Amino acid sequence: MPTFVYMTQCDGCGHCVDICPSDIMHIDSTHRRAYNIEPNMCWECYSCVKACPQNAIDVRGYADFAPLGHSVRVLREDTKGTISWRVQFRDGRVKSFESPIRTTPWGSIPSPADMPAPSAEAMRSEELAHEPDALKVADLPALRPGQFRKGAL
């Protein structure tokens, strides 16, 4: 379900541009409104939909999500701390879904550039940088070559 922007609701704040992992949300320089430059490349992560304070970004539903003739509205409710999805079917039925907004304050997660560079030993390791720290474990469990059974995948 690629995203699209309601130009009359968008105020050009750029939250969607900042959060889009595929870098397809842009701000039109003439009208100062966001738009999706390549809907076919949309990862459908809905980060932009959830980040938009104006509720100006929506999604086009696929038939397996909501049948033909439906509408899908996403509402960010900061006061309640939720994201609400409202699907209205052609026959008038309405289904609503609600999920919490992220649990960490906006901008509180450090970027990889803020982390210390991994050591040469860490680069040869199968662990990801800072993984044991984040998981709060001393070491990640791993099989050693002698533990493999012959013929097992």
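The structure is a predicted model. The chain contains four helices and seven strands, and when it is read along the sequence these elements follow the pattern β-α-β-β-α-β-β-β-β-α-α. Buried residues make up 25% of the 153 residues in the chain.

In soluble globular proteins, nonpolar side chains tend to be buried together. The largest nonpolar core of this model has 19 residues, of which Met25, Val49 and Ile57 touch the most other members. At least two residues of this core come from each of α2 (47-51), β4 (57-59) and β6 (82-88). Once neighbours within four places in sequence are left aside, methionine 25 is in contact with Thr3, Val5, Cys16, Val17, Cys20, Ala34, Tyr35, Asn36, Cys48 and Ile57.

**Asparagine 36**

One of the contacts of methionine 25 is Asn36, a residue found in strand β3 (residues 34-36). Asparagine 36 counts as buried because its relative accessibility is 12%, which is under 20%. Its side chain makes a polar contact with the side chain of threonine 3 at 3.1 Å, and a polar atom of the side chain of asparagine 36 also lies 3.1 Å from the backbone nitrogen of glutamate 38. With neighbours within four places in sequence again set aside, asparagine 36 is in contact with Thr3, Ile24, Met25 and Cys42.

Strand β6 is largely enclosed by the rest of the structure, because five of its seven residues are buried. The C-alpha atoms of valine 87 and phenylalanine 97 are separated by 8.5 Å, and the two residues are ten residues apart along the chain. Strand β6 runs antiparallel to strand β7 (residues 94-100), and seven bridges join the two. Glutamine 88 stands opposite valine 94 in β7. The hairpin of β6 and β7 has five residues between the strands, and in this hairpin glycine 92 takes a positive phi near 100 degrees.

**Side-chain pairs**

How many salt bridges does the count come to? The count comes to one salt bridge, in which the side chains of lysine 80 and glutamate 98 meet at 3.3 Å, N to O. Lysine 80 lies in the loop between β5 (71-77) and β6, whereas glutamate 98 lies in strand β7, so the pair ties together parts that are 18 residues apart in sequence. Lysine 80 is partly exposed, with a relative accessible area of 49%, while glutamate 98 counts as exposed at 51%.

A search of the whole structure also finds one aromatic pair. The rings of phenylalanine 4 and tyrosine 6 have their centres 5.2 Å apart, and their planes stand at 70 degrees, so the pair is edge-to-face. Tyrosine 6 counts as partly exposed, at 32% relative accessibility.

The table below collects relative accessibility for residues named above.

| Residue | Relative accessibility | Class |
|---|---|---|
| Asparagine 36 | 12% | buried |
| Tyrosine 6 | 32% | partly exposed |
| Lysine 80 | 49% | partly exposed |
| Glutamate 98 | 51% | exposed |

Terms used
Residues numbered from 1 in each chain as written. Predicted model: local features only at pLDDT ≥ 70, side-chain atom pairs only at ≥ 80, totals over all residues. Heavy atoms only, no water. Core = buried A, V, L, I, M, F, W, Y, C linked by side-chain atoms within 4.5 Å. Buried < 20%, exposed > 50% of the residue type's maximum accessible area, 1.4 Å probe, protein only. Contact = heavy atoms within 4.5 Å. Polar contact = N/O pair within 3.5 Å; in protein donor to acceptor, adjacent residues only side chain to side chain. Phe/Tyr/Trp six-rings, centres within 6.5 Å; stacked < 30°, edge-to-face > 60°. Pairing = 2+ DSSP bridges. Salt bridge = Lys/Arg side-chain N within 4 Å of Asp/Glu carboxyl O.
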